[in-house]
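Dear colleague,

Please find below the structure that I am handing over to you. My notes on what was found in it follow directly after.

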Amino acid sequence: MARRKRAILDYCGSSSLNYHRPAVVAWWSAAFPGFGHTLLDMHVKGNVLFLFEIIINFNSKLNLAMVYSFIGDFKHATNVINTQWILIYIPFYFYCIWDSYRTAAKLNLLYTLTKDQPVEMNVLDLRSLETCFLDKRLPWVASVWSILLPGLGQLYTRRLIPAISLLAWSVAIYVNCHELQGMQLFIIDPAKVNESIQVIDAEWFLFIPSLIWGSAYDAYSKTVETNHLFEEELSTYLYREWGANQSRLNI
Amino acid sequence: MSNILCLFRPSLSVELLLTELQRNKIKKSDISCFILKAQTPFKNGLTDKDPTETTSLADLGFIFATVFGVVGASIGFRLTLGPIIWGIVSSIIGFLLGFIIDYFFTRAYKQKSHSFVLISICCRSEQETLIKKIAETHQVLGLTVIES
């Protein structure tokens, strides 16, 4: 029995040690605190940070200030921000980035220690509660589902915990930002474009690009990783059970 | 006696094929599997960038899409078509830009190579057609028969 397992599979999904570029993980923590940890399969930490990000960002009106800053309206940007909350935000934000970078670097070391060992893992977890199994899935399909509604790609690529939390947050963010309402108004009557802009809540709306692209990236990269894991597990099995040493070979 | 060599991509169909062969009275001891591992060009040190890491071809695309999406959606509040359309447009532009940069500048050390499974089946000549038929229904990539 290996001291460190390379991969596991249970009814909540699969998880494996993989190489992650620390800078990329740190970037996703910067785009949306919590995403970096989700990418590293640290779902409790990731969800706590995700929740904090939304509470602190919403109360400090940081996104709104960002909108004003990008437009060039710096006076409004200064006025709209809540000083108390923004001062909480700063250490929180940098902790997320630092912690995910550090963790990714450490996990890479564990990956190099374990990557040459054969993959011995459960490939099917059959339960009355939920069934999960290892097979190959299409990375682009996963990312397209997540672009359509963040969380669906995670469901497709058997990441049950991030799928549930992302779906919940997607609903909360979509409903609060009124993007779909604005889109509907615009499609029904393109002349009402100003009305459709006014209906959108900028504070909530700015969560959307990070949410969509972050979950699309997560779904894509995890599908690639799990496909790789599948191949390695199959190779281990075939080598052990069907290798040349197990049979008489005459060519 | 003859020997059939067939090549597969690693997938569930390999295991299905092995089960199917056993069901058709081909003994396990007559079958051997070989893994043709994808070869990675070079390695410098343990902790260096991992060349087998396949996800990074889209890294920059997703990152740029987010950056462009946030900025584009913000500026969109001032533009005629509004934040949604500008957000989507700038996200797509960002994604393509990032993807193109990754594609041309980072592809060199990420040449993707595939793993394959080579299966050798030792059988009597009259079993050949049956085995070929089974292999064909399981997405075989190539097949050859060696008479001996």
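The model is a predicted one, in which local features need pLDDT of at least 70 and side-chain atom pairs count only at pLDDT 80 or more, while totals for chains, interfaces and linings use all residues. Residues are numbered from 1 along each chain as its sequence is written, chains are lettered from A and ligands numbered from 1 in the order in which they are written, and side-chain values use heavy atoms, with hydrogens and water left out.

Domain 1 covers 18-114 and domain 2 covers 135-251 of chain A; these bounds come from an automatic or database domain assignment. The two domains of chain A bury about 2100 Å² between them, with 71% of it on carbon and sulfur atoms. Buried area here is the accessible area (1.4 Å probe) that two parts lose on being put together, summed over both. F35(A), I54(A) and N63(A) supply 24% of the area that domain 1 of chain A buries against domain 2 of chain A, more than any other three residues.

The rule finds two salt bridges across this interface of domain 1 and domain 2 of chain A, a salt bridge being a side-chain nitrogen of Lys or Arg within 4 Å of a carboxyl oxygen of Asp or Glu. R159(A) forms a salt bridge with D41(A), and their closest N and O atoms are 2.6 Å apart.

**Salt bridges within chain A**

D41(A) also meets K222(A) in a salt bridge (3.8 Å, N to O). This pair links distant parts of the chain, 181 residues apart: K222(A) lies in helix α13 (residues 207-242) of chain A, and D41(A) in the loop between α2 and α3 of chain A. Helices (H or I, at least four residues) and strands (E, at least two) are DSSP runs, numbered from the N terminus. Both K222(A) and D41(A) are buried, that is, under 20% relative accessible area, with exposed over 50% and partly exposed in between (1.4 Å probe, protein chains only).

D135(A) has two salt-bridge partners to note. With R137(A), the closest N and O atoms are 2.8 Å apart; with R158(A), they are 3.0 Å apart. D135(A) counts as buried because its relative accessibility is 14%, and R158(A) counts as buried at 8%.

**Contact between the two chains**

How many residues of chain B are in contact with chain A? There are 61 of them, in contact with 52 residues of chain A. The area buried between chain B and chain A is about 5000 Å², of which carbon and sulfur atoms give 71%. F62(B), F77(B) and I84(B) supply 14% of the area that chain B buries against chain A, more than any other three residues.

One salt bridge is found across the interface of chain B and chain A. The side chains of E241(A) and K28(B) meet in a salt bridge, at 3.1 Å from N to O.

Yours sincerely

Definitions and conventions:
Contact means heavy atoms within 4.5 Å.
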